[in-house]
Amino acid sequence: MAFVQEPLPYDFNALEPYGVKAETFEYHYGKHHKAYVDNLNKLTEGTELADKSLEEVIKTSFKDSSKTGIFNNAAQVWNHTFFWNSLKPAGGGAPTGELAAKIDQAFGSFDKFKEEFSNAAATQFGSGWAWLIDDGGTLKVIKTPNAENPLAHGQKALLTLDVWEHAYYIDFRNARPAYIKNFLDQVVNWDFAAENLAKA
Ligand code: MN3
C-alpha cells in the first residue's frame, strides 16, 4: 500500500484574502509536498516499511542512521499535512477554553506565547519548523531543523509553522518575520490546536 498525499483541507485560493496566494499552494502543496510523498514511496517500495503507518515509519527511521532519507521524506509528508491543518481561512485571533488556559499557564499570557513562538520561528537557522507542543501536560514552543518533528521525539504536536524558505518566498520574498506575523494574525487555526490538545 502506497503512502498518499492527503487532500488540502481548503481550496488553493481560500487563503488569498488572508495573505497566502493560490500560487503558494500550487508549488508548496502541488510540488514540494507531492515530491516528499513520491520519494517516500520510491524509497520504501518492496520493503517492510511500505506496509507501516506513516507515524510508525517516522518513529522507526528516526532511530536508524541508515534510514535518514526515508525519515526526511516521511517526516516531511507528515509535517506538511499537519501544517495545512494549522492554517484556515479567516484564522488568527486567540484560542479559547482549555487551550487558552494552558497557554496562559505555560507562557504567562497569549501575547507572551506569540512572542516566544515568533522568536522560535524567526531564529530557526536555515530550514525547519516552529511548533507548539504538549510535552507531558506542559505546553512548550520548540523549533526543529529540516524534517525533524515532535513525533520523532515522542512529543504531541498541537500546531506548526513551516519556516523553510519555499513556504514564504512567493508571498513574502525573504521577509520571514512578515510571514510569521501574517500566520498569527490571519491564518492560524486554533480549532485544530484545540482538537490536538483534546486527543489522548
Ligand atoms: Mn514546506
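Phe 12 touches Lys 21, Ala 22, Phe 25, Glu 26 and Tyr 29, residues up to four places away in sequence being left out of the count; contact here means heavy atoms within 4.5 Å. Phe 12 is located in the segment before α1, where helices (H or I, at least four residues) and strands (E, at least two) are DSSP runs numbered from the N terminus. The model is a predicted one, in which local features need pLDDT of at least 70 and side-chain atom pairs count only at pLDDT 80 or more, whereas totals for chains, interfaces and linings use all residues. Residues are numbered from 1 along each chain as its sequence is written, and side-chain values use heavy atoms, with hydrogens and water left out.

With a relative accessibility of 30%, Phe 12 counts as partly exposed; buried means under 20% relative accessible area, exposed over 50%, and partly exposed in between (1.4 Å probe, protein chains only). From Asp 11 to Ala 22 the separation is 11 residues in sequence and 8.3 Å between C-alpha atoms.

The domain assignment divides the protein chain into domain 1 (22-85) and domain 2 (97-198), such bounds coming from an automatic or database domain assignment. The C-alpha centres of domain 1 and domain 2 are 20 Å apart. Across the two domains, 20 residues of domain 1 are in contact with 24 residues of domain 2.

The largest nonpolar core comprises 63 residues. A nonpolar core is defined as a set of buried Ala, Val, Leu, Ile, Met, Phe, Trp, Tyr and Cys residues joined through side-chain atoms within 4.5 Å. Helix α3 gives the most to this core, contributing nine residues. Both domain 1 (22-85) and domain 2 (97-198) give residues to the core, so it lies between them. Ile 103, Phe 113, Leu 132, Leu 161, Phe 183 and Trp 190 are the residues with the most contacts inside the core. Leu 132 touches, among others, Ile 103, Phe 107, Phe 113, Phe 117 and Trp 190, not counting residues up to four places away in sequence. In soluble globular proteins, nonpolar side chains tend to be buried together.

Thr 160 is placed in strand β3 (residues 156-162). This residue counts as buried because its relative accessibility is 0%. A polar atom of the Thr 160 side chain lies 2.9 Å from the backbone oxygen of Ala 130. Residues touched by Thr 160, apart from those up to four places away in sequence, include Asn 79, Phe 82, Trp 129, Ala 130 and Phe 183.

A manganese ion is coordinated by His 28 (NE2), His 80 (NE2), Asp 162 (OD) and His 166 (NE2), at 2.0 to 2.1 Å. Donors are N, O and S atoms within 2.8 Å of the metal (3.2 Å for Na, K and Ca); water is not among the atoms, so sites may look incomplete. Along the chain, the donors of the manganese ion follow the spacing H-x51-H-x81-D-x3-H.

Seven salt bridges are present in the structure, a salt bridge being a side-chain nitrogen of Lys or Arg within 4 Å of a carboxyl oxygen of Asp or Glu. One of them joins the side chains of Asp 171 and Lys 21 (4.0 Å, N to O). This pair links distant parts of the chain, Asp 171 lying in helix α6 (residues 165-172) and Lys 21 in the segment before α1, 150 residues apart. Asp 171 counts as buried at 17% relative accessibility, whereas Lys 21, at 38%, counts as partly exposed.

Lys 67 forms a salt bridge with Asp 64, with the closest N and O atoms 3.0 Å apart. Lys 67 is partly exposed at 24% relative accessibility, and Asp 64 is partly exposed at 24%. A further salt bridge is formed by Asp 135 and Lys 140, whose closest N and O atoms are 2.7 Å apart. Relative accessibility is 26% for Asp 135, which counts as partly exposed, and 35% for Lys 140, which also counts as partly exposed.

Definitions and conventions: Polar contact = N/O pair within 3.5 Å; in protein donor to acceptor, adjacent residues only side chain to side chain.
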